[in-house]
Amino acid sequence: MRPATDALIVIDVQNDFCPGGALAVAGGNEVVPKINALIDDYSCVVLTQDWHPRNHASFASNQGAAAFSVTEMPYGMQVLWPDHCIIGTEGAAFHPELRAAAAQAVIRKGFRPGIDSYSAFFENDRTTPTGLEGYLRARGISRLTFVGLATDFCVAYSAMDAARLGFDAEVLMEACRAIDLDGSLIEAQAAMIDAGVVLEG
Ligand code: VGL
Ligand code: ZN
(Lines give C-alpha, C1' and ligand atoms only; values in the text may rest on other atoms or scores of the structure.)
(Ligands and ions follow the chains in the order given, each with its own letter.)
Protein backbone atom coordinates (compact mmCIF):
# COMPACT_ATOMS: atom_id res chain seq x y z
CA MET A 1 0.00 0.00 0.00
CA ARG A 2 1.29 3.45 -0.92
CA PRO A 3 1.30 6.26 1.65
CA ALA A 4 -1.89 8.32 2.06
CA THR A 5 -0.12 11.23 0.34
CA ASP A 6 -0.13 9.37 -3.01
CA ALA A 7 -2.95 9.32 -5.56
CA LEU A 8 -3.58 7.38 -8.76
CA ILE A 9 -5.04 9.62 -11.47
CA VAL A 10 -6.72 7.57 -14.23
CA ILE A 11 -7.15 9.66 -17.37
CA ASP A 12 -10.08 9.11 -19.76
CA VAL A 13 -10.32 5.29 -19.90
CA GLN A 14 -13.56 5.59 -21.86
CA ASN A 15 -15.12 3.53 -24.64
CA ASP A 16 -14.56 6.15 -27.33
CA PHE A 17 -10.78 6.00 -26.75
CA CYS A 18 -10.70 2.20 -26.97
CA PRO A 19 -10.75 0.07 -30.16
CA GLY A 20 -14.20 0.39 -31.78
CA GLY A 21 -14.69 3.86 -30.29
CA ALA A 22 -15.09 7.20 -32.06
CA LEU A 23 -11.52 8.35 -31.33
CA ALA A 24 -9.91 4.97 -30.81
CA VAL A 25 -6.37 4.88 -29.45
CA ALA A 26 -4.41 1.84 -30.66
CA GLY A 27 -4.26 -0.66 -27.80
CA GLY A 28 -6.32 1.64 -25.57
CA ASN A 29 -8.07 -1.33 -23.96
CA GLU A 30 -4.71 -2.84 -22.96
CA VAL A 31 -4.30 -0.32 -20.16
CA VAL A 32 -7.40 -1.58 -18.34
CA PRO A 33 -5.97 -4.71 -16.60
CA LYS A 34 -2.77 -2.81 -15.77
CA ILE A 35 -4.73 0.01 -14.13
CA ASN A 36 -7.05 -2.41 -12.32
CA ALA A 37 -4.00 -4.08 -10.77
CA LEU A 38 -2.71 -0.74 -9.42
CA ILE A 39 -5.92 0.53 -7.84
CA ASP A 40 -5.65 -1.34 -4.53
CA ASP A 41 -2.20 0.16 -3.85
CA TYR A 42 -3.63 3.68 -3.58
CA SER A 43 -5.82 5.16 -0.86
CA CYS A 44 -6.86 7.88 -3.30
CA VAL A 45 -8.05 7.02 -6.82
CA VAL A 46 -9.45 9.68 -9.14
CA LEU A 47 -10.87 9.09 -12.62
CA THR A 48 -11.23 11.74 -15.28
CA GLN A 49 -13.95 11.60 -17.89
CA ASP A 50 -13.91 13.54 -21.17
CA TRP A 51 -17.46 14.93 -21.29
CA HIS A 52 -18.47 17.00 -24.30
CA PRO A 53 -21.79 18.52 -25.40
CA ARG A 54 -22.75 17.74 -29.04
CA ASN A 55 -21.99 21.32 -30.08
CA HIS A 56 -18.45 21.22 -28.72
CA ALA A 57 -15.95 23.50 -30.50
CA SER A 58 -13.29 20.76 -30.62
CA PHE A 59 -15.41 18.62 -32.96
CA ALA A 60 -14.38 18.94 -36.61
CA SER A 61 -18.04 18.37 -37.56
CA ASN A 62 -19.00 21.62 -35.82
CA GLN A 63 -16.30 23.61 -37.63
CA GLY A 64 -16.88 22.29 -41.17
CA ALA A 65 -13.30 21.02 -41.07
CA ALA A 66 -11.52 17.71 -41.49
CA ALA A 67 -10.95 15.54 -38.44
CA PHE A 68 -7.38 15.85 -37.10
CA SER A 69 -6.86 19.25 -38.74
CA VAL A 70 -5.68 22.12 -36.55
CA THR A 71 -7.38 25.48 -36.04
CA GLU A 72 -6.81 28.61 -34.01
CA MET A 73 -9.17 29.20 -31.09
CA PRO A 74 -9.23 32.30 -28.85
CA TYR A 75 -7.22 30.28 -26.31
CA GLY A 76 -4.63 28.90 -28.77
CA MET A 77 -4.19 26.13 -31.33
CA GLN A 78 -6.69 23.30 -31.21
CA VAL A 79 -6.73 19.92 -32.96
CA LEU A 80 -10.23 19.21 -34.33
CA TRP A 81 -11.38 15.74 -33.35
CA PRO A 82 -14.05 13.34 -34.54
CA ASP A 83 -17.17 13.67 -32.33
CA HIS A 84 -16.34 11.73 -29.16
CA CYS A 85 -17.27 11.32 -25.50
CA ILE A 86 -20.64 13.02 -25.90
CA ILE A 87 -22.32 13.58 -22.54
CA GLY A 88 -24.39 10.60 -21.43
CA THR A 89 -23.53 8.33 -24.37
CA GLU A 90 -22.02 4.82 -24.27
CA GLY A 91 -18.89 6.24 -25.89
CA ALA A 92 -18.39 8.53 -22.91
CA ALA A 93 -18.83 5.69 -20.40
CA PHE A 94 -15.80 4.15 -18.73
CA HIS A 95 -14.47 0.93 -20.28
CA PRO A 96 -16.76 -1.77 -18.85
CA GLU A 97 -13.85 -3.70 -17.31
CA LEU A 98 -12.27 -0.69 -15.60
CA ARG A 99 -12.81 -0.91 -11.83
CA ALA A 100 -14.50 2.48 -11.89
CA ALA A 101 -16.46 1.77 -8.70
CA ALA A 102 -13.18 1.84 -6.76
CA ALA A 103 -12.64 5.53 -7.55
CA GLN A 104 -13.50 8.11 -4.91
CA ALA A 105 -13.81 11.04 -7.28
CA VAL A 106 -14.63 11.54 -10.94
CA ILE A 107 -13.57 14.78 -12.61
CA ARG A 108 -15.49 15.60 -15.78
CA LYS A 109 -13.88 17.97 -18.25
CA GLY A 110 -14.59 19.54 -21.62
CA PHE A 111 -18.27 20.26 -20.88
CA ARG A 112 -18.14 23.95 -21.87
CA PRO A 113 -19.07 24.18 -25.56
CA GLY A 114 -16.43 26.75 -26.51
CA ILE A 115 -13.32 25.31 -24.91
CA ASP A 116 -11.54 21.97 -24.81
CA SER A 117 -9.96 20.54 -21.69
CA TYR A 118 -7.13 18.05 -22.06
CA SER A 119 -5.73 18.50 -18.57
CA ALA A 120 -7.36 17.11 -15.44
CA PHE A 121 -6.51 20.44 -13.75
CA PHE A 122 -7.25 23.24 -16.25
CA GLU A 123 -9.12 23.81 -19.48
CA ASN A 124 -7.08 24.52 -22.59
CA ASP A 125 -6.89 28.24 -21.73
CA ARG A 126 -4.55 26.91 -18.99
CA THR A 127 -6.35 28.98 -16.34
CA THR A 128 -9.96 27.77 -15.83
CA PRO A 129 -9.69 25.15 -13.05
CA THR A 130 -11.53 21.82 -12.91
CA GLY A 131 -11.34 21.67 -9.11
CA LEU A 132 -8.96 18.68 -8.98
CA GLU A 133 -6.13 20.69 -7.44
CA GLY A 134 -8.30 21.74 -4.50
CA TYR A 135 -9.60 18.19 -4.01
CA LEU A 136 -6.10 16.73 -3.84
CA ARG A 137 -4.68 19.48 -1.62
CA ALA A 138 -7.61 19.22 0.78
CA ARG A 139 -6.82 15.52 1.14
CA GLY A 140 -3.12 16.26 1.81
CA ILE A 141 -1.96 14.57 -1.38
CA SER A 142 1.41 15.52 -2.83
CA ARG A 143 2.43 12.68 -5.17
CA LEU A 144 0.55 11.68 -8.29
CA THR A 145 0.82 8.68 -10.60
CA PHE A 146 -0.82 9.21 -14.01
CA VAL A 147 -2.12 6.39 -16.22
CA GLY A 148 -4.66 6.13 -19.05
CA LEU A 149 -5.43 7.74 -22.42
CA ALA A 150 -4.02 9.34 -24.35
CA THR A 151 -0.34 9.65 -23.39
CA ASP A 152 0.35 12.56 -25.75
CA PHE A 153 -2.76 14.64 -25.03
CA CYS A 154 -4.74 14.33 -21.82
CA VAL A 155 -2.14 12.36 -19.83
CA ALA A 156 0.71 14.70 -20.82
CA TYR A 157 -1.26 17.92 -20.22
CA SER A 158 -2.41 16.62 -16.83
CA ALA A 159 1.04 15.49 -15.67
CA MET A 160 2.68 18.75 -16.80
CA ASP A 161 0.09 20.84 -14.98
CA ALA A 162 0.60 18.70 -11.86
CA ALA A 163 4.35 19.34 -11.94
CA ARG A 164 3.75 23.05 -12.54
CA LEU A 165 1.44 23.13 -9.51
CA GLY A 166 4.17 21.59 -7.35
CA PHE A 167 2.97 17.98 -7.12
CA ASP A 168 5.48 15.16 -7.61
CA ALA A 169 4.20 13.76 -10.90
CA GLU A 170 5.03 10.46 -12.57
CA VAL A 171 3.56 8.82 -15.65
CA LEU A 172 3.52 5.03 -15.81
CA MET A 173 4.03 4.69 -19.55
CA GLU A 174 3.12 0.99 -19.80
CA ALA A 175 -0.34 1.84 -18.47
CA CYS A 176 -0.87 4.56 -21.11
CA ARG A 177 -1.41 4.52 -24.88
CA ALA A 178 -0.92 7.37 -27.37
CA ILE A 179 -2.80 8.89 -30.32
CA ASP A 180 0.59 9.84 -31.87
CA LEU A 181 -0.47 12.48 -34.38
CA ASP A 182 2.48 13.81 -36.44
CA GLY A 183 5.11 13.00 -33.82
CA SER A 184 2.98 14.16 -30.90
CA LEU A 185 4.14 11.29 -28.67
CA ILE A 186 7.86 12.09 -28.92
CA GLU A 187 7.07 15.79 -28.45
CA ALA A 188 4.90 15.13 -25.41
CA GLN A 189 7.56 12.90 -23.83
CA ALA A 190 10.20 15.62 -24.22
CA ALA A 191 7.83 18.29 -22.90
CA MET A 192 6.93 16.16 -19.87
CA ILE A 193 10.60 15.59 -19.01
CA ASP A 194 11.27 19.34 -19.41
CA ALA A 195 8.38 20.06 -17.04
CA GLY A 196 9.89 17.79 -14.39
CA VAL A 197 7.52 14.84 -14.83
CA VAL A 198 9.10 11.41 -14.16
CA LEU A 199 8.39 8.86 -16.91
CA GLU A 200 8.37 5.27 -15.62
CA GLY A 201 8.00 1.87 -17.23
C1 VGL B 1 -8.29 13.33 -25.52
C2 VGL B 1 -8.36 14.24 -27.62
C3 VGL B 1 -9.60 14.79 -27.37
C4 VGL B 1 -7.55 12.51 -24.53
C5 VGL B 1 -9.54 13.87 -25.26
O6 VGL B 1 -8.18 11.95 -23.61
O7 VGL B 1 -6.30 12.41 -24.65
N8 VGL B 1 -7.71 13.54 -26.70
N9 VGL B 1 -10.18 14.60 -26.20
ZN1 ZN C 1 -12.16 15.26 -25.93
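Tutor: Gladly! Let's begin with the nonpolar core: a set of buried Ala, Val, Leu, Ile, Met, Phe, Trp, Tyr and Cys residues joined through side-chain atoms within 4.5 Å. Buried means under 20% relative accessible area, exposed over 50%, and partly exposed in between, with a 1.4 Å probe and protein chains only. Note that this is a predicted model, in which local features need pLDDT of at least 70 and side-chain atom pairs pLDDT 80 or more, while totals for chains, interfaces and linings use all residues. Residues are numbered from 1 along each chain as written, chains are lettered from A and ligands numbered from 1 in written order, and side-chain values use heavy atoms, without hydrogens and water.

Student: Which members of the largest nonpolar core touch the most others?
Tutor: Of its 61 residues, they are I35, F121, L136, L144, F146 and V171. Helix 3 gives the most to this core, with 8 residues. Another core, of 6 residues, lies apart from it and includes M73, Y75, L80 and I115.

Student: Why is the pair of Y118 and F153 called edge-to-face?
Tutor: Rings of Phe, Tyr and Trp (its six-membered ring) pair if their centres lie within 6.5 Å; planes under 30 degrees apart are stacked, over 60 edge-to-face, and the rest tilted. The centres of Y118 and F153 are 5.5 Å apart and their planes at 70°, so this pair is edge-to-face. Y118 sits in the loop between strand 5 and helix 2, and F153 in helix 3 (residues 151-164), 35 residues apart. Both are buried.

Student: What cluster do ring pairs form?
Tutor: They link F68, W81, Y118, F153 and Y157. The structure holds 6 aromatic pairs. One of them is W81 with Y118, edge-to-face at 6.4 Å centre to centre and 75° between the planes.

Student: What makes the zinc arrangement irregular?
Tutor: Donors are N, O and S atoms within 2.8 Å of the metal (3.2 Å for Na, K and Ca), and water is not among the atoms, so sites may look incomplete. The protein donors of the zinc ion (ligand 2) are D50 (OD), H52 (NE2) and H84 (NE2), at 2.0 to 2.2 Å. Four donors are tetrahedral if all angles lie between 85 and 135 degrees; four are square planar and six octahedral if opposite donors are over 155 degrees apart and all others between 65 and 115; anything else is irregular. The 4 donor atoms subtend angles of 88 to 168°, which makes the arrangement irregular.

Student: Are D50 and H84 buried or exposed?
Tutor: Both D50 and H84 are buried.

Notes
Helices (H or I, at least four residues) and strands (E, at least two) are DSSP runs, numbered from the N terminus.
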